[in-house]
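Subject: Structure handover and findings

Hello,

Here is the structure for you to work with. My notes on what was found follow below it.

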Amino acid sequence: MTGAAAEAVRENGARSSYRALNARRRMILAGLFLLLLLSFIADLMIGPARYAASDVVRALVMPDSVPVAVRVVIWDIRLPVALMAVVTGASLAMAGAQMQTILNNPLASPFTLGISAAASFGAALALVFGVAILPFAVDYIVPLNAFIAAMGAAMLIHVLSQSRGVTTETVILLGIALVFTFNALLALLQFFASEQALGAVVFWMMGSLTKASWHKLAITSAVVVLCVPLFMRRAWALTTLRLGDEKAASFGIDVRRLRLEIMLLVSLLAAVPVSFVGTIGFIGLVGPHIARMVIGEDQRFFLPASALAGAAILSASSVVSKSLIPGLIFPISIVTALIGVPFFFSLILTNRKRSW
């Protein structure tokens, strides 16, 4: 066999392997989507009144074929909550995935970097003292305060990460410092809060999907629809960034500008859902790591896998929160913490033995 023929054989083999790898990745994405769909249907089925899966599907596809009571419960009460779980889970997981990518740290997420704690503090300002960061928007004082505080924390993290001599490990420590700072300020607000305001703050900090509405869902979905194409347009550059800053720069990528663009999008993606549903931890940490373990670092597949994993986890958590005690809905952050904390410990212990 000539050298040219051998080279052609190797090239064909490489192409076949690449096509097989991509086919496997698409199968994994399909599997994650199926898990999400099953969890979503279960979320619509379970509640004070339980319905069969066939009733739920008929209510969604042919609303006129089910009793009025079933249609009202599914469409007006449960569907906004179930869809909000899906969209919020996807948003937080994608935000965590891109934070881990641009900071090159497996512990980066909106929760661990203080963005969620900042949102809680902004919301508490409104709930305790009625302070509006934007005085002309008093009708949306709580979500806007939470959003602005979360965006401010994210931008502070980005500015500090660009300082000379700051490593990714230092950025995580800065994020943890922000968490403690905002938690201390939050405790101070709770100390001065009235009994009614204190109850509202605690409920908001626990995170809840029960106040979801079509309006809030539309805003959160619009942010996802805006951010995803921008992420996918930079998929090659983000994948290359995982090879290191110098390697990415050698390919002509403006690393500093890329990090700024992605951090702005991540801030928006993390702040909007948190401002509506409260603090929900660990989705932005667990979702991306599940995606990375099953599908790899290629952003064309890693990003949608992270979104599907995060959406499935939060949707399943919503099901669990309604199933533990019949008639009682547990705060969603309690369930996600029970899932996320063991994973967080295993991640820390694993990274002591090998580099990420």
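Which residues in H5 meet which residues in H6? On the H5 side they are Ala153, Leu156, Ile157, Leu160 and Ser161. On the H6 side they are Val171, Leu174, Gly175, Leu178 and Phe182. By type, this contact of H5 with H6 holds 8 nonpolar residues, 2 polar ones and no charged ones. Keep in mind throughout that this is a predicted model.

**The H5/H6 pair**

H5 covers residues 141-161 and H6 covers residues 168-192. The two helices pack at an angle of about 145°. Their axes are 10 Å apart. The crossing of H5 and H6 is right-handed.

Ile157 sits in H5. Its relative accessible area is 2%, so Ile157 is buried. Setting aside neighbours within four places in sequence, Ile157 is in contact with Leu113, Val171, Leu174, Gly175, Leu178 and Met263.

Phe182 belongs to H6. Its relative accessibility is 15%; buried means under 20%, so Phe182 counts as buried. Outside the four places on either side in sequence, Phe182 is in contact with Gly114, Ala117, Ala118, Phe121 and Ala153. Phe182 and Leu36 are 146 residues apart in sequence, and their C-alpha atoms are 34 Å apart in space.

Pro143 is also in helix H5. With a relative accessible area of 17%, Pro143 is buried. Beyond its neighbours within four places in sequence, Pro143 is in contact with Ser275 and Phe276.

**H4 and Ile115**

How many of the 15 residues of H4 are buried? The count is 13, so H4 is largely enclosed by the rest of the structure. Its length fits too. At 1.5 Å a residue, the 15 residues of H4 should span 21 Å, and the end C-alpha atoms are 21 Å apart. Just after H4, Gly130 has a positive phi of about 70°.

Ile115 is a residue of H4. Its relative accessibility is 2%, so Ile115 counts as buried. Leaving out neighbours within four places in sequence, Ile115 is in contact with Met99, Pro110, Ala150, Ala153, Ala154 and Ala270. Ile115 and Ile157, 42 residues apart along the chain, are separated by 9.2 Å. Ile115 and Gly175, 60 residues apart along the chain, are separated by 8.3 Å.

H3 runs over residues 68-103. At 1.5 Å a residue, its 36 residues should span 52 Å; the end C-alpha atoms are 51 Å apart, so the two values agree. H3 also has a kink of about 50° at Arg78, shortly before the proline Pro80. Of the 36 residues in H3, 28 are buried, and the helix is mostly covered.

H13 takes in residues 299-323. Its 25 residues should span 36 Å at 1.5 Å a residue, and its end C-alpha atoms are 35 Å apart, which agrees. H13 is mostly covered, with 20 of its 25 residues buried.

**Positive phi values**

Most residues other than glycine have a negative phi. Two residues here are worth a look on that count.

Where is Asn104 found? Asn104 is in the loop between H3 and H4, just after H3. Its phi is near 55°, a positive value in a residue other than glycine. Is Asn104 buried or partly exposed? At 39% relative accessibility, Asn104 counts as partly exposed.

Phe282 lies in the loop between H11 (255-277) and H12 (283-295). Phi of Phe282 is near 75°, again positive in a residue other than glycine. At 12% relative accessibility, Phe282 counts as buried.

Best wishes

Notes: Residues numbered from 1 in each chain as written. Predicted model: local features only at pLDDT ≥ 70, side-chain atom pairs only at ≥ 80, totals over all residues. Heavy atoms only, no water. Axes fitted to C-alpha atoms, helices over the stretch in contact; angles between N-to-C directions. Helix = DSSP H or I, 4+ residues; strand = E, 2+ residues; numbered from the N terminus. Left-handed = near helix turned anticlockwise from the far one by under 90°. Contact = heavy atoms within 4.5 Å. Nonpolar A, V, L, I, M, F, W, Y, C, P; charged D, E, K, R; others polar. Expected span 1.5 Å × (residues − 1). Bend = angle between axes of the 7 residues up to and from the residue. Buried < 20%, exposed > 50% of the residue type's maximum accessible area, 1.4 Å probe, protein only.
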